[in-house]
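Try each one yourself, then check the steps.

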Amino acid sequence: MEDNKKDIANETTSNKKDKHSSFPQHGPIAPNGKEILVSLKNVDITFKRGDSQVKAVKNATFDIYKGETFSLVGESGSGKTTIGRAIIRINQCSNGEILYKGKKISGKLDHKTDREVIRNIQMVFQDPAASLNERATVDYIISEGLYNFKLFENEADRVKKVENIIEEVGLLPEHLTRYPHEFSGGQRQRIGLARAIVMEPEFIIADEPISALDVSIRAQVLNLLKKFQKERNITYLFIAHDLSIVRFISDRIGVIYKGDIVEIADAEELFEYPLHPYTRSLISAIPIPDPKLEKNKVLVTYDGSCHDYSVNKPSLVDIGHNHLVFGNEEEILEYKRVRESNIRPKSIIIKDENYQEEPKIEETVEDTNESSILQTPLHDTGNMLYTVVSFFLPIIGLIMWLLFKHFKYYHCYHACKKGAIRGFILYGTIIVLWLICLIIAVIF
């Protein structure tokens, strides 16, 4: 009953907003039946003018569906953040248009529409230190949007909203009186997230929100993003360069190279069938949690000059399976052939330790044994404690040794093996010496 009341209240609130909104209640429906919240159509973004003009984004075209996480990945300087800033109207489009719920939001807008865009589209910035006002308290930082858009009934309502959101991101109400410099990087990123969420936006641009954080804190921030998405039906544009993290959080992934969108696909589809050579180079750069395999891994390097676009110009083409690839006619035909043959392009290649030359990079079916090794558990640390326990209790160490080997915890397996062997040698030596002493005592 309580859940039904909450749903009715949420629907009532959204209906009130829609009555005074210049945007429709729902965006256009794509052929696959999903609602399109944000759409980029042939967007070009240039900086400077004349001979020094730089085209940072070229003919970017893609849709972001309601309620999904669309990730944009690529190396530094590829144009990821430029696209995100264009959506929130920091960067201007030199060509094309950006649509929100089917209505154009790029270019000049009237005052009311401009405020609605700010209200409904928020951004979480990469640097949590630079994006927060050092002279303002956390309470004011989070409340600034509430003040600007009058999103509270009275002072008690504002305080309640701020305290609720600060607790939801894992901080305490007493933190509201402090200043940003008093917090760690992870806590400051939570404050930035709270500032965006308290506005109750429909769309959030997360610009590498975890790249400046420790590994242990990254998981907490990612879990927060997923939690808010599930509870509030928020849509994300997640900008990153780490594909291993992107795979965890994304519904769909777009790959960008020097301003060109070179591939778009569902997250698992992209990792199973990375067709564009640049995508394969990004996947090959993902670290393997095994030093021996990582040492012998062959990195796939990408050189844009391998494409000949002098005559046949490239374009982003849907080759089926909700998979779009950038290329000319000949390349698209080859991408289709590879995808329909269900041959998984090989991105991670491990060479033998005694192999002298680098093997050729070919599209082949991944070896089953190699694939099983790459899927070893992430928590296989090989802690020194396993060696110590196995040394003093070699029988228990032997059992642990066999269990770890069975479940492919290779580092832990080697740690137990080393300790158990040394323990058996020690105890064996003691027993042999004791038997020699016993024999000498009996004889003499």
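Predicted model: local features only at pLDDT ≥ 70, side-chain atom pairs only at ≥ 80, totals over all residues.

**Exercise 1.** Work out which helices the buried residues of α4 pack against.

*Solution.* Start with α4 itself, residues 138–149; helices here are DSSP runs of H or I with at least four residues, strands are E runs of at least two, and both are numbered from the N terminus. Next, pick out its buried residues: Val 138, Ile 141, Ile 142, Ser 143, Gly 145, Leu 146 and Phe 149. Buried means under 20% relative accessible area, with exposed over 50% and partly exposed in between, using a 1.4 Å probe and protein chains only. Now look for their neighbours: these residues pack against α3 (111–120), α5 (155–168) and α6 (185–197), where a contact means heavy atoms within 4.5 Å.

Residues are numbered from 1 along each chain as its sequence is written, and side-chain values use heavy atoms, leaving out hydrogens and water.

**Exercise 2.** Find the strand order of the open four-stranded sheet, and its edges.

*Solution.* The order reads β2-β1-β4-β5, with antiparallel pairing; two strands pair if DSSP finds at least two bridges between them. The edges are β2 (54–65) and β5 (103–104), each pairing on one side only. Zoom in on β1 (residues 36–47) and β4 (residues 95–100): five bridges join these antiparallel strands. One to look up is Val 38, whose bridge partner in β4 is Tyr 100.

**Exercise 3.** Describe how α15 and α16 cross, and sort the residues of their contact.

*Solution.* Take α15 (residues 394–406) and α16 (residues 410–443): their axes come within 8 Å and cross at roughly 155 degrees. Axes are lines fitted to C-alpha atoms, for helices over the stretch in contact, with angles from 0 to 180 degrees between N-to-C directions. So α15 is roughly antiparallel to α16, a label for angles over 145 degrees. The contact includes Trp 401 and Phe 404 of α15 and Tyr 413 and Phe 424 of α16. Sorting its residues gives 13 nonpolar, two polar and two charged. Nonpolar covers Ala, Val, Leu, Ile, Met, Phe, Trp, Tyr, Cys and Pro; charged covers Asp, Glu, Lys and Arg; the others, Gly among them, are polar.

Key:
Parallel < 35°, antiparallel > 145°, perpendicular 65-115°, else oblique.
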